[in-house]
Amino acid sequence: MLGASILAIAALVVNGVILAAVIYLFMLLVRALKKYLSSAPIREEQAAIRKSLGETLKEHRTRCQMTQEFVAESLGVSRQAVSKWESGKSDPSTSNLLALSKLYGVSAEELLAAVDPQES
């Protein structure tokens with residue numbers, strides 16, 4: 001009889017511990033969700049700041065007052081290739097990216113700095 005009482009108490013304790021663990025996990029989930037929801041404006045601002053590689057290339061080309069034709073002739077590619085890079089339909093090869101950085105007077109890292117990694 002005493003053994004059955006101890007088993008019943010042990011079962012209640014185990015159930016209580018499991019219930020406490022579930023409640024704790026639920027609280028952690030609610031906290032994480034609240035933090036995520038409160039960061040929405042920050043995430044939207046960061047997304048607005050990020051650019052595609054094409055937008056960055058076009059920005060530097062226009063800053064340097066160069067035409068797509070001039071850039072294409074300087075790199076030995078077609079004007080359509082430069083247009084595709086700037087529209088995001090394709091990406092320049094590594095050698096062309098380095099040539100573009102030299103042509104625009106910036107480092108390749110600077111061309112890639114503002115690029116959203118998910119765009120690639």
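This is a predicted model: local features need pLDDT of at least 70, side-chain atom pairs count only at pLDDT 80 or more; totals for chains, interfaces and linings use all residues.
Visitor: Is Q65 buried or exposed?
Guide: Q65 lies in the loop between helix 3 and helix 4, the latter covering 68-75. The relative accessible area of Q65 is 74%, and therefore this residue counts as exposed.

Visitor: What is the phi of Q65?
Guide: Q65 belongs to the loop that joins helix 3 to helix 4. This residue is not a glycine, yet its phi is positive, at about 55°.

Visitor: How many helices does the chain have?
Guide: Helices are DSSP runs of H or I with at least four residues, strands are runs of E with at least two, and numbering starts at the N terminus. Along the sequence, the pattern reads α-α-α-α-α-α-α. There are 0 strands in the chain, and the number of helices is 7.

Visitor: Why is the chain described as more spread out than a compact globule?
Guide: Along its principal axes, the C-alpha trace spans about 95 × 25 × 20 Å. The globule rule (2.2 Å times the number of residues to the power 0.38, for a radius of gyration over C-alpha atoms) sets the reference. For 120 residues that rule gives 14 Å, and the chain is more spread out because its radius of gyration is well over this value, at 29 Å.

Visitor: What percentage of the contacts with a separation of 6 or more joins residues 24 or more positions apart?
Guide: A contact means heavy atoms within 4.5 Å. Of the 120 residues in the chain, 22% count as buried. Among contacts with a separation of 6 or more, the share between residues 24 or more positions apart is 58%.

Visitor: Which residues does H60 contact, leaving aside neighbours within four places in sequence?
Guide: H60 sits in helix 3, which runs over residues 53-63. Its relative accessibility is 8%, so H60 counts as buried. Beyond those sequence neighbours, the contacts of H60 are Y104, V106, E110 and L111.

Visitor: Which residues touch Q68, apart from neighbours within four places in sequence?
Guide: Q68 is part of helix 4. With a relative accessible area of 18%, Q68 is classed as buried. The residues in contact with Q68 are R61, R79, V82, S83 and E86.

Visitor: How far is the C-alpha atom of R79 from that of D91?
Guide: R79 lies in helix 5, residues 79-87, and is partly exposed at 34% relative accessibility. Not counting residues up to four places away, R79 touches Q68, E69 and A72. D91 is 12 residues from R79 along the chain, and their C-alpha atoms are separated by 14 Å.

Visitor: What separation is found between the C-alpha atoms of S107 and A32?
Guide: S107 is placed in the loop between helix 6 (94-104) and helix 7 (108-113). At 34% relative accessibility, S107 counts as partly exposed. Along the chain, S107 and A32 are 75 residues apart, and the distance between their C-alpha atoms is 39 Å.

Terms used
Residues are numbered from 1 along each chain as its sequence is written. Side-chain values use heavy atoms; hydrogens and water are left out. Buried means under 20% relative accessible area, exposed over 50%, partly exposed in between (1.4 Å probe, protein chains only).
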